[in-house]
Amino acid sequence: MKILVMIKQVPDTATQVKIAADGRSIDTAGITWIVSPYDEFAVEEALRIKEKRGQGEVVAVSLGPDRVKEALRSCLAMGADRAIHLLDPAWEAADTLATARALAGVIKQEAPGLALFGRQAIDDDMGAVAAQVAELLGWPCASWIMEEAVDDGGKAVRVGRQVEGGLEVFELPLPAVVSAQKGLNEPRYPTLKGIMGAKKKEIKDVKAADLGISPEAPALSVVKLETLPPRPPGRIIPGEAAAAAKELVRSLREDAKAI
Amino acid sequence: MAGAFWCMVEDDRQGNPKKVMAEVLGEATRLVGQQGGQVEAVWLTDKATPDGLKALGELGAKRIWLFEGPVYAPYRGEVWTPVIAELAAKESPQAIFAPVTTRQRELMARLAARLGAGLSADSTGLALEDGKLVATRPVYAGKLLSKMTWAGAPWLATLRPNVFRPAEPQAGATAQVERPAATAPAESMKLIERREESATGLPELAEAEIVVSGGRGLKGPENFVILEDLAKVVGAAVGASRAAVDAGWRPHRFQIGQTGRTISPKLYMGFGISGAIQHLAGMRTSKVICAVNKDPEAPIFKIADYGIVGDLFEVAPLLAAEFKKLLEK
């Protein structure tokens with residue numbers, strides 16, 4: 001079975017982000033880039049399905065500028081067989097829907113049995129692309145999955161999706177779209193052999209025209225980015241524990257009116 | 001009707017809208033007051049109770065589009081999306097809002113793709129500027145705020161719980177209930193089972209007004225009982241940091257932060273939590289933040305409104321006793 005894993009390259013959480021001169025994007029100078037953590041769960045799950053079945057192919061896919069090759073290379077080092085890089089200036093202003101259209105285009109061409117995503121990317125936290133791809137393809141979709149089992153015949157997948165108050169286990173006919181929640185697995189670290197091997201694996205560039213897509217104007221766009229309004233300075237309550245606890249409860253009631 | 005602000009109903013699976021709907025309907029009502037149009041609820045469910053319908057009316061819905069039938073439970077995007085999209089094509093709503101829950105996040109994304117519309121997910125602010133809706137969303141682990149706007153209607157947005165001011169119920173206000181004919185598409189997803197989480201007797205993390213949260217400083221899973229005792233006194237949910245979850249002390253559903261839940265309670269109390277960026281991403285929009293930590297240099301004190309530098313094993317039970325005294329008054 002062929003499995004496509006869609007990944008996004010994002011700034012490392014610990015990286016300082018600064019607003020760029022245009023006021024609408026971030027200054028990318030000095031940023032450390034990583035594969036979005038939820039996407040690593042998706043890559044790991046794809047590799048496990050392939051290993052369990054003893055055959056198949058795992059293809060990592062990402063949309064973005066040149067630097068995204070590095071993220072795709074990390075997926076290859078983890079064990080993906082090849083990668084596809086959606087690289088086209090026409091996608092520079094891509095919003096989630098334009099991204100979903102591009103990814104749906106690739107998925108249609110590649111015709112995998114399963115399309116795996118992370119539940120959201122940790123840069124814009126929009127969390128929409130997986131479900132949008134499913135809608136555009138007309139495929140069943142389960143989001144925030146914490147369990148997965150493809151049946152032996154490769155005709156269906158059983159997934160546990162996290163919902164408020166519980167876990168719903170569904171069977172979906174393949175092909176299907178699923179998005180990974182934390183708890184699905186523990187992603188592996190690339191081995192040295194994996195890292196060396198990744199250099200020889202293929203990363204294919206794909207342009208919008210190759211998919212027969214002419215990107216549309218974004219349906220949602222950033223007006224501006226802002227820094228957080230400063231929080232009023234906090235107060236450390238001094239004194240020994242009993243007095244401090246008493247004073248904290250009084251402050252929460254009388255000053256903050258939080259209880 | 002054209003120009004309406006739709007609110008997707010999240011229910012408790014027993015036929016009643018969840019508490020968070022007061023916030024969604026309240027925000028829609030506030031915006032409609034500036035823009036014109038009316039607030040309407042859209043409810044897909046296997047069961048809507050008369051009380052549930054009444055509650056939506058009292059919270060500001062003038063009309064309820066009700067799709068009721070066994071096919072609508074449990075939620076499946078492939079069933080719900082075409083039904084709502086068909087109604088939207090007929091009715092041309094100006095906006096479609098929903099609370100942030102796992103299924104509404106997926107549904108609204110699918111709906112946006114089907115309608116070719118923009119979606120602002122997990123919004124923490126909405127405002128009309130020159131007749132256009134502008135959403136505020138935290139991005140980059142909550143380090144920046146992004147203001148976003150739509151190229152055209154309908155404006156789709158999901159709203160973070162506990163951020164928007166809830167509607168005050170107006171006794172006697174009623175909504176007109178419409179049951180449009182709809183053919184739900186054949187479903188391909190089959191429900192095998194639903195596993196309920198063991199009931200804690202405490203509120204749900206995402207909706208709780210007060211959250212008590214523990215980190216590495218708790219030293220072990222057995223010590224969370226200290227926080228549970230405090231939570232019971234004030235009616236709080238209990239959360240945990242990534243460190244505590246990764247150590248296996250709490251199940252992942254209790255994790256607050258970047259790879260867990262994003263919460264915005266009225267009061268957040270962190271115990272033995274240092275305040276790594278990953279954690280702050282999930283709780284920094286809380287209204288009042290207090291922290292108890294032995295380390296006076298813990299980063300959480302930088303965003304805390306109140307802090308106690310001390311031993312949580314000593315302070316937490318004292319706080320529980322003080323809250324008890326206060327609330328028994």
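P74(B) is found in the loop of chain B between strand β3 (63-68) and helix α3 (77-91); helices (H or I, at least four residues) and strands (E, at least two) are DSSP runs, numbered from the N terminus. This proline is joined to A73(B) by a cis peptide bond, with omega about -10°. The model is predicted, so that local features need pLDDT of at least 70 and side-chain atom pairs count only at pLDDT 80 or more, whereas totals for chains, interfaces and linings use all residues. Residues are numbered from 1 along each chain as its sequence is written, while chains are lettered from A and ligands numbered from 1 in the order in which they are written.

Chain B has another cis peptide bond, from A153(B) to P154(B), with omega near -5°. P154(B) has its place in the loop that runs between β8 (144-150) and β9 (155-159).

Most residues other than glycine have a negative phi, and most peptide bonds are trans. R13(B), not a glycine, has a positive phi of about 65°. Its loop lies between β1 (5-8) and α1 (21-35) of chain B. With 18 other C-beta atoms within 10 Å, R13(B) is partly exposed. A residue is buried if 20 or more other C-beta atoms lie within 10 Å of its own, exposed if 12 or fewer, and partly exposed in between, with C-beta atoms placed from the backbone. N162(B) likewise has a positive phi, near 70°, and lies in the loop between β9 and β10 (176-178) of chain B. N162(B) is buried, because 22 other C-beta atoms are within 10 Å.

On the scale of the chain, an automatic or database domain assignment gives the bounds of domain 1 (5-178) and domain 2 (210-328) of chain B. Nine residues of domain 1 are in contact with 10 residues of domain 2, contact being defined as C-beta atoms, placed from the backbone, within 7 Å.

The largest nonpolar core has 198 residues. Such a core is a set of buried Ala, Val, Leu, Ile, Met, Phe, Trp, Tyr and Cys residues joined through C-beta atoms within 7 Å. The residues with the most contacts inside this core are V5(A), C75(A), V133(A), C7(B) and F97(B). Its largest share, eight residues, comes from helix α3 (residues 96-110) of chain A. Not counting residues up to four places away in sequence, F97(B) touches residues including W6(B), C7(B), V24(B) and L159(B).

Key: Two residues are in contact if their C-beta atoms, placed from the backbone, lie within 7 Å.
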